[in-house]
Structures are given as structure tokens and as C-alpha cells.
Amino acid sequence: MTDQATQPVLEISELYKSFGALKATDGVNLTLYPGEIHALIGPNGAGKSTLIRQISGEYPPDSGTIRFLGQDLAGLGVADRAQLGLGRTFQVSSLALEFSALRNVMLAVQAKSGSSFRFFKPVMKDRDLVDGAMKMLEKVGLQDRAHIPAAELSHGERRQLEIALALALKPKAFLLDEPMAGMGPEGSKTLTGFLGGLRDQAPILLVEHDMDAVFALADRISVLVYGRVVATGTVDEIRGNRIVREAYLGEETS
Ligand SMILES: Nc1ncnc2c1ncn2[C@@H]1O[C@H](COP(=O)(O)OP(=O)(O)OP(=O)(O)O)[C@@H](O)[C@H]1O
């Protein structure tokens, strides 16, 4: 849970980003503390993905600072930030679909350690690598599916595998952009249970439209509207917030 006395893992201060006349990020302040799931919600086009992309290093902000474990990330690219421990889930398309779940994780571990694909075969025999990759699969509940090609995994299982790949990089914080997208109710439930336990590995900044998942998981929620954080609070505080209910939850508040 959030302990405001500790230092934030991630601290975003006065962040601005425009695309032409459009202010996609308009003075955002946001923190992520150890052990917490901080959900970022808001209507389509509010700027959630743009914010995640600035944190991961894909977009440079116009101004403002992003500090990760006390370090200003300005000038660092995506790979540098990943090395520092910013774990972003891979897109489904980045899985090697013809390879088994286990091999996919092993490739991620190899990428982290810097070994090249030339050494792929000998490394396959490396017991430590296999055991380490297997451990990641156990953490996401895919140990029984280790030898199944990624192509044959269900949509939900692929999402779990993406998180196993992110785990292989030993992240100190997770950036998860709509992990529930495209999942049915059963899959969402399973993934919600799994993500709840993931916060013990590293805190999570979670962008998600599935409000059942957000209300079940979040320690804190920030609501983004037109690039601005209009409210930050606990689930109860956000549910009871008049501005949020009018601007986002679509409820009559009169
Ligand atoms: N590379 C870009 N160039 C120009 N405009 C962009 C770019 N990326 C995002 N935008 C615009 O910035 C605004 C915020 O988009 P963003 O994708 O961050 O919103 P979002 O909250 O993630 O939306 P959704 O919930 O639909 O994913 C939108 O108006 C979008 O069209």
C-alpha cells in the first residue's frame, strides 16, 4: 500500500507536451510509490498513452521532469530507461509466435544480459537460463504452458507472457497500457487477480478502461481529462468526486 513517507519510485512534475495546438499533456504531476498500483483513467484522447510514452522515452516532453528512483530521465532513450528498470509490457506483436512461451522468456533474458542471437543454441542448454525463464512463467501462472508455441496461447495467456517478458528485465516499476484490452470477462478476472499480486514485485502505473479492474486493483487513481489531472485519490474518493463523475464516469450528479 501507499506509504507517503517513503520516496516515490516515479515522480512526474509539471509535464507538458503539445502536438501542434493540441495540449496532450498539460502540466501533469503524478507519483508512483513502492508497492502501489496507481491507475490512470480518462476519456479517449485524454493523453494517457502520450504520458506513458513520455515516461518510457518514446516521446520527449516539451518541458517538465520525470524522475525515476531519484534520477532525472531527461535525455535518456527507451533502452536506457528499460535498463534502469522501467518495465513496459511488450506489444503482442513483439512475441515470437512460432517459439514456445519458455523460449520467448529466454530470449528476453538473453536480450537483458546482452548476449547475441548467434549464441542462442548453446545458451538453450544453459540450465540457469532455462530455470530462470521457468521461474518467470511460474510467476505469471504459465508454467504448464511453457512448451506451447506462443501462437497457440489464448489472448489472455499472451498478455501474461508479455508480462513474463517484462519481468525478465527485473523492472523496478511497471508501465501497463490497457492490459485488459480485447479480453473477455473471464480473462479479465484472471488477469486482475494476477496483476494484484504483481505489485509486490514492482509498483504499477496502470492505464485501463476496464473500470471493474481499476476499482478492484488501484490503490490510487488519477483522472486525466484534456491532458490535465483533474483528480487523484483512492477508489472511494474518485467514485465520490463530483467533477470526475461528471467528466468521466458519465453519471448524473444533480
Ligand atoms: N504522435 C502524435 N501526433 C499528433 N497527435 C497525437 C500523437 N499522439 C497522440 N496524439 C493526440 O494526442 C491526444 C492524446 O492521445 P492519447 O493517445 O495519449 O490519448 P489516450 O488517453 O491514450 O486515448 P485512448 O484512451 O483512446 O487510448 C489525442 O488527441 C491524440 O490524437
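A: Helices (H or I, at least four residues) and strands (E, at least two) are DSSP runs, numbered from the N terminus. This is a predicted model: local features need pLDDT of at least 70, side-chain atom pairs count only at pLDDT 80 or more, and totals for chains, interfaces and linings use all residues. Residue numbers start from 1 along each chain as its sequence is written.

Around the ligand sit Phe 19, Leu 22, Ala 24, Gly 42, Asn 44, Gly 45, Ala 46, Gly 47, Lys 48, Ser 49 and Thr 50. Strand S2 (22–32) and helix H1 (48–56) each give at least two residues. H1 makes the largest contribution, 3 residues. By type, the shell holds 4 nonpolar, 6 polar and 1 charged. Here Ala, Val, Leu, Ile, Met, Phe, Trp, Tyr, Cys and Pro are nonpolar, Asp, Glu, Lys and Arg charged, and the others, Gly among them, polar.

Next, a sheet. An open sheet has 6 strands in the order S6-S7-S8-S3-S9-S10, with mixed pairing. Strands pair if DSSP finds at least two bridges between them. S6 (86–88) and S10 (228–233) are the edge strands, each with a single partner, so one side of each lacks a neighbour in the sheet. S9 (residues 220–225) runs antiparallel to S10, over 5 bridges. Among the residues involved, Leu 224 has Val 229 in S10 as its bridge partner.

Technical notes
A residue is near a molecule or strand if its C-beta atom, placed from the backbone, lies within 6 Å of it.
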